[in-house]
Amino acid sequence: MSETRNVRSPRSLALVGPYGSGKSTLFDALLDAAGAPVKRPADPRNRPMTTEIRLGHCTYLGDEWSILDCPGSIEFAHQACAALAMVDIAVLVCEPNAAKAGAIVPLLKTLREEGIPHIVFINKIDTLDGGIADTIAAIQANASAPLVLRQMPIFEHASVTGYVDLMSERAYHYRKGQASELMQVPAAMRAEEAAALGSLVETLADHDDALLEKVLEDIKPTPEELYRDMRKDLLAGAVIEVLLGAAEHANGVRRLWKALRHDTPDPAETADRKAIDPDGPPLAQVFRTAYAGHTGKLSYARVWRGAVADGAVLGGTRLGGIYRFANGDMTRTSEAKQGDIVAFGRLDNVVTGATVSPGAAPEPLPFPPATPPVYALAITTTDRKDDVKLSGALHKLAEEDPSLFITQAQETVLHGQGEMHLLTTVGHLARSFGLKVTTSKPQIAYKETIRKTMQEHGRLKRQTGGHGQFADVRIEVAPRPRGEGFLFIDKIVGGTVPRNFIPAVGDAVEDACRKGPFGYPVVDIAVTLTDGGFHAVDSSDMAFRTATQIAMKEALAKADPVLLEPIEHITVSIPNDTTARAQRLLTGRRGQILGFAERPGWPGWDEVEALVPEAELHDLIIELRSQTMGLGTFRRRFDHLAETRLSP
């Protein structure tokens with residue numbers, strides 16, 4: 001491949017893939033190969049899980065690059081989607097294991113729907129057991145475009161020691177931590193190499209009439225023609241390149257760099273793909289927010305148009321610095337130009353996903369919506385004096401993480417994408433804000449109702465010297481159909497209860513419904529004021545409130561009260577080879593299966609619909625993912641209240 005291309009504007013790539021595929025190790029290896037090494041863990045296999053996007057900058061053969069290392073866990077998928085919305089190309093990292101190929105299905109779908117050019121990098125090739133064909137076939141079954149394998153692994157004594165580059169027809173021997181060494185194509189592989197090259201050419205010829213004509217005339221295309229067609233088809237989404245390597249040993253990393261340098265679109269091409277007008281004032285989009293100690297708020301952004309200088313006014317706020325991340329260090333720079341991904345300092349009024357410009361009103365750009373939450377934890381500060389501080393910290397965390405939702409009513413509840421997501425948030429509270437909290441299962445919003453109609457009499461008569469207190473009410477409490485709510489009816493005739501006291505009776509009835517015999521709000525009842533009595537001097541609003549509360553307490557206790565629990569309608573999405581397991585999981589949680597069908601637009605996936613009590617949903621996502629290779633998820637919505645005999 002020629003390396004004489006002109007220096008381009010800064011380009012960017014995102015490393016995405018399942019947890020454990022080696023993205024962070026590849027991130028380090030790419031930076032190291034570009035002469036911008038970062039500090040690495042002593043043992044990459046014991047590297048902690050990546051839970052937030054890492055940004056690195058480097059220059060490779062004169063070209064400037066921004067690299068985004070994205071979390072692989074499905075619980076942090078929104079960050080990966082946000083990063084993909086910013087970059088010119090994605091590298092989808094996976095392992096050479098056909099059984100794990102299903103884990104990349106959600107990413108392949110996102111890449112296809114968003115039209116993002118992408119290369120598959122099969123990492124950990126040194127662990128390949130047998131041939132590569134099974135892995136390729138498993139990925140191809142989930143891909144929307146033909147895979148083009150550009151390399152063939154070379155085996156020595158059942159171990160992968162190098163590769164044959166099909167397009168250049170050269171072979172290379174891996175060297176740990178170094179560039180691969182040129183070698184002769186093994187004689188035993190020549191026939192297999194010729195067949196693989198023929199397959200590659202035929203795939204490219206499907207999209208190039210001139211190349212097809214050469215194939216039909218048995219004319220061998222030049223490597224330059226193949227490189228040109230590969231780039232064209234990759235950007236059109238017509239093919240998916242596949243490269244091999246072992247990032248831990250730096251094997252295949254430089255070949256990946258060369259493919260990226262040749263095939264990655266320019267920022268202007270990406271802006272055109274996203275329909276961004278090339279004319280106009282500078283334009284940038286924020287895709288991540290972070291609070292970084294004394295530096296304050298950092299807004300990570302892609303510059304789509306023009307150049308942004310330090311001190312410029314964006315989003316109504318003057319920039320407090322532009323930062324790059326080279327060699328693992330954050331350094332300030334004077335300008336960010338088109339294509340750059342940088343961090344802007346102190347854009348206090350700008351939220352994640354927003355576009356900013358020195359112009360009056362920057363055009364909005366699409367940004368991935370937050371994924372609905374599937375797990376929740378109630379939190380309480382260990383020191384009550386920290387409650388005010390907690391509120392401010394949670395506001396910042398919600399800014400940093402659009403997939404985190406916070407509710408504050410009787411208790412403070414974090415809603416997110418799974419147990420690890422929320423435990424990471426709790427750790428963030430302690431680490432960054434000095435806040436220690438305890439976690440618990442959130443309370444269920446139980447309700448109460450009644451099953452019998454009951455008449456009751458409430459009477460208050462007190463004489464303590466001077467004006468006394470007197471009120472007399474007669475009420476009827478009756479059940480209403482589920483979901484009909486509360487109703488107060490006034491049937492007083494003849495002035496037995498003066499009109500000015502009736503609102504006090506109605507208010508007292510509603511107050512009594514806030515806590516029924518079981519301690520929960522009472523719903524779906526009708527309360528009718530049928531009769532009463534008063535005293536011209538001793539009656540008052542307070543007296544009628546008290547008499548009504550006496551009557552309501554007695555009536556609710558005698559009217560066959562029953563506990564109601566919320567029932568949720570859930571739609572579970574899973575690979576279809578796990579559908580039966582998912583159904584058993586739901587029925588084991590008192591679920592009522594409504595049916596299942598193919599998931600629209602997701603070949604090989606099903607959706608199961610069910611009605612499940614909310615009390616059974618707390619840890620459903622944990623068990624669901626454990627039975628579906630971490631892929632299963634669900635959507636939920638309130639459906640109805642149902643009677644239960646379970647103790648809350």
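Select helix H1 (23-33), strand S2 (54-60), helix H2 (77-84), strand S12 (283-291), strand S13 (297-305), helix H10 (387-400) and helix H11 (419-433): each supplies at least two residues of the lining of the second largest pocket. The model on the screen is a predicted one.

Keep H11 highlighted. With seven residues, H11 gives the most to this lining. The pocket has a volume of about 1200 Å³. Now select Thr51, Glu52, Ile53, Arg288 and Arg431, which are the closest to its centre of the 48 residues that line the second largest pocket.

Next, go to the cavity. The structure holds one cavity of 30 Å³ or more. The largest cavity has a volume of about 30 Å³. To find it, select Leu108, Arg112, His118, Ala143, Ser144 and Ile240, which line it. Three residues of this lining are nonpolar, two are polar and one is charged.

Move on to the nonpolar cores. In soluble globular proteins, nonpolar side chains tend to be buried together. Which residues have the most contacts inside the largest nonpolar core? Select Leu68, Ile122 and Ile125; they hold that place in a core of 53 residues. Stay on Ile125 and show what surrounds it. Beyond its neighbours within four places in sequence, Ile125 is in contact with Pro96, Ile132, Val160, Tyr174, Leu244, Gly245 and Ala246. A second, separate core has 30 residues, including Ile379, Leu429, Val608 and Phe634.

Now select helix H14, residues 579-587. Thr579, Ala582, Leu585 and Leu586 are buried in this helix. Turn the view to look down the axis of H14: its buried residues fall within an arc of 120 degrees, so they line one face of the helix.

The last stop is Glu607, which lies in strand S33. Is Glu607 buried or exposed? Its relative accessibility is 17%, and the limit for buried is under 20%, so Glu607 counts as buried. Show its contacts, leaving aside neighbours within four places in sequence: Glu607 touches Thr571, Val572, Ser573, Gly595, Phe596, Ala597, Arg599, Pro600 and Arg635.

Terms used. Residues are numbered from 1 along each chain as its sequence is written. This is a predicted model: local features need pLDDT of at least 70, side-chain atom pairs count only at pLDDT 80 or more; totals for chains, interfaces and linings use all residues. Side-chain values use heavy atoms; hydrogens and water are left out. Buried means under 20% relative accessible area, exposed over 50%, partly exposed in between (1.4 Å probe, protein chains only). Helices (H or I, at least four residues) and strands (E, at least two) are DSSP runs, numbered from the N terminus. The arc is that of the directions from the helix axis to the C-beta atoms. On a 1 Å grid over the protein atoms alone, a cavity is a set of points where a 1.4 Å probe fits but cannot get out, and a pocket is an open set with protein on both sides within 12 Å along at least five of seven lines; lining residues have an atom within 4 Å of a point. Grid points are joined across faces, edges and corners, and a volume is the space filled by probe spheres set on the points. Contact means heavy atoms within 4.5 Å. A nonpolar core is a set of buried Ala, Val, Leu, Ile, Met, Phe, Trp, Tyr and Cys residues joined through side-chain atoms within 4.5 Å. Ala, Val, Leu, Ile, Met, Phe, Trp, Tyr, Cys and Pro count as nonpolar, Asp, Glu, Lys and Arg as charged, and the others, Gly among them, as polar.
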